[in-house]
Amino acid sequence: LLRLLGPLQGLSNVRIDVMTALVSFERVFEVLDLPSMIDEHPDAVELSHVAGRVEFEHVAFRYPRADEVSLASLETVARAESRDTGLVLKDVTFTAEPGQMVALVGPSGAGKTTMTHLVARLYDVTAGAVRVDGHDVREVTLQSLEDAVGYVTQDAHMFHDTIRANLQYARPGATDEEIWDSLDAAQIGVLVRSLPDGLDTVVGDRGYRLSGGERQRLAIARLLLKAPSIVVLDEATAHLDSESEVAVQRALDRALVGRTSLVIAHRLSTVRNADLILVVDDGRVVQSGTHASLLSDGGLYAALYETQFAVRSA
Ligand code: ATP
């Protein structure tokens, strides 16, 4: 369960909602234990000095049904091939080189979020492989993989606890100086300094009410403190006021430097700057390239650009 809670805190509550919506109340706890099927390989290697190469090699995936959770780790390639139904990812192959920004775009339900879940091994692939620095994620220690990958999602969760504790969650033992550095880099230091209780301010459901943009910047501060080599970012679709939007963008620009990022992109500036754009449709990468090359190719990207990106300001 701890392994589930770890990534979930970086993710949104949405996943819990999806899980609980999928199963009857009695089964919730069984499903909440789902990641216990993510076992550490007896000879797991420690990822160290992670450069941040992320590779998907012919990845197919379907979410395990609640009644087969305990069997899920027994999924085989043969089974995936014999039962195409329910495959959320069908054959995904790409490489993100260390330090590159890879943007994922595509219609709702195409499988973008699912792809990001597989990087930190929240689930195991049904077929194919996901590799970090050449190591199959099933063959590395869970802790070192967790350390290597950081998530910033639209609805960053903060615990009902102090700002200090919320940040130390990312790096236990972080000093106040380190915490302030990360808050400043995330463009939220000025606000926290202005609070009467500073780092001792209690945030979360019943605490100081952070705006969406503030919560995102705290999440970015947490990411900076964790300093993962790989970042998964789900860009906000919700409207932030423009001042907050600029601050969040500045914080993100800073946070992504020198890290490999997989970004579920909603901003024109992101797709323009991405080293590689993957256009995902119905569980497959149907187009890939840069913004300029994809636009001139026409097809789904050009259509998405018209509807999702062109009308938004960069
Ligand atoms: P969006 O842009 O709307 O967020 P997406 O491209 O990120 O969509 P995913 O969230 O990866 O798409 O979803 C891909 C498919 O997997 C959808 O059909 C979705 O309903 C399904 N799905 C997502 N999460 C689960 C889950 N926990 N269990 C079962 N099915 C799921």
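This is a predicted model: local features need pLDDT of at least 70, side-chain atom pairs count only at pLDDT 80 or more; totals for chains, interfaces and linings use all residues.
Visitor: Which residues of H5 are buried?
Guide: Lys 112, Thr 114, Met 115, Thr 116, Leu 118 and Val 119.

Visitor: And what follows H5?
Guide: Arg 121 does, with a positive phi near 55°.

Visitor: Zoom out for me. How many helices and strands are in the chain?
Guide: The chain has 14 helices and 12 strands. It holds 314 residues, and 37% of them are buried.

Visitor: What share of the contacts links residues 24 or more positions apart?
Guide: 80%, counting contacts with a separation of 6 or more.

Visitor: Now the largest nonpolar core. Which members touch the most other members?
Guide: Val 59, Ala 103, Leu 104, Val 119, Val 132, Ile 220 and Ala 221. The core has 77 residues. Helix H10, residues 212-226, gives the largest share of this core, with seven residues.

Visitor: Stay with Ala 221. What is it in contact with, leaving aside neighbours within four places in sequence?
Guide: Leu 167, Ser 182, Leu 183, Ala 186 and Ile 188.

Visitor: Ser 182 and Leu 183 sit in helix H8, then. Which residues of H8 are buried?
Guide: Ile 179, Ser 182 and Leu 183 are, in the helix of residues 176-185.

Visitor: What covers the buried residues of H8?
Guide: The cover includes helix H7 (163-168), helix H9 (189-194) and H10.

Visitor: What about the residue just after H8, Gln 187? What is its phi?
Guide: Positive, about 65°.

Visitor: Back to H10. How does its axis sit against that of helix H11?
Guide: The axes come within 9 Å and cross at roughly 10°. Angles under 35 degrees count as roughly parallel, so H10 and H11 are roughly parallel to each other. H11 spans residues 242-256.

Visitor: Which residues meet there?
Guide: From H10, Gly 213, Gln 216, Arg 217, Ile 220, Leu 223 and Leu 224. From H11, Ser 244, Glu 245, Ala 247, Val 248, Ala 251, Leu 252 and Ala 255. Ile 220 is also one of the core residues that touch the most other members.

Visitor: Strands next. Why is S9 largely enclosed by the rest of the structure?
Guide: Because five of the five residues of S9, residues 230-234, are buried.

Visitor: Which way do they point?
Guide: Ile 230, Val 232 and Asp 234 point one way from S9. Val 231 and Leu 233 point the other way. In a regular strand, side chains alternate between the two faces of the sheet.

Visitor: Which strands does S9 pair with, and in what sense?
Guide: S6, residues 149-152, pairs with S9 in the parallel sense over four bridges. S10, residues 260-264, also runs parallel to S9, joined by five bridges.

Visitor: What stands opposite Leu 233?
Guide: Val 152 stands opposite Leu 233. Leu 233 also stands opposite Val 263 in S10.

Visitor: And the faces of S6, covered or open?
Guide: Both are covered. Val 149 and Tyr 151 are buried on one side, Gly 150 and Val 152 on the other.

Visitor: Loops now. Where is His 49, and what is its phi?
Guide: His 49 is in the loop between helix H3 (28-32) and strand S1 (54-61). Its phi is near 45°, a positive value in a residue other than glycine.

Visitor: Is His 49 buried or exposed?
Guide: Exposed, with 6 other C-beta atoms within 10 Å.

Visitor: And Asp 282? Where does it lie?
Guide: In the loop between strand S11 (276-281) and strand S12 (284-289). Phi of Asp 282 is positive too, near 50°. Asp 282 counts as partly exposed, with 14 C-beta neighbours inside 10 Å.

Visitor: Last one, Leu 87. Buried or exposed?
Guide: Buried, with 20 C-beta neighbours inside 10 Å. The cut-off for buried is 20 or more. Leu 87 lies in the loop between helix H4 (77-82) and strand S2 (89-96).

Visitor: How far is Leu 87 from Arg 62?
Guide: They are 25 residues apart in sequence and 4.4 Å apart in space, C-alpha to C-alpha.

Note on methods
Residues are numbered from 1 along each chain as its sequence is written. A nonpolar core is a set of buried Ala, Val, Leu, Ile, Met, Phe, Trp, Tyr and Cys residues joined through C-beta atoms within 7 Å. A residue is buried if 20 or more other C-beta atoms lie within 10 Å of its own, exposed if 12 or fewer, and partly exposed in between; C-beta atoms are placed from the backbone. Helices (H or I, at least four residues) and strands (E, at least two) are DSSP runs, numbered from the N terminus. Two residues are in contact if their C-beta atoms, placed from the backbone, lie within 7 Å. Two strands pair if DSSP finds at least two bridges between them. Axes are lines fitted to C-alpha atoms, for helices over the stretch in contact, and angles run from 0 to 180 degrees between N-to-C directions. Angles under 35 degrees count as roughly parallel, over 145 as roughly antiparallel, 65 to 115 as roughly perpendicular and the rest as oblique.
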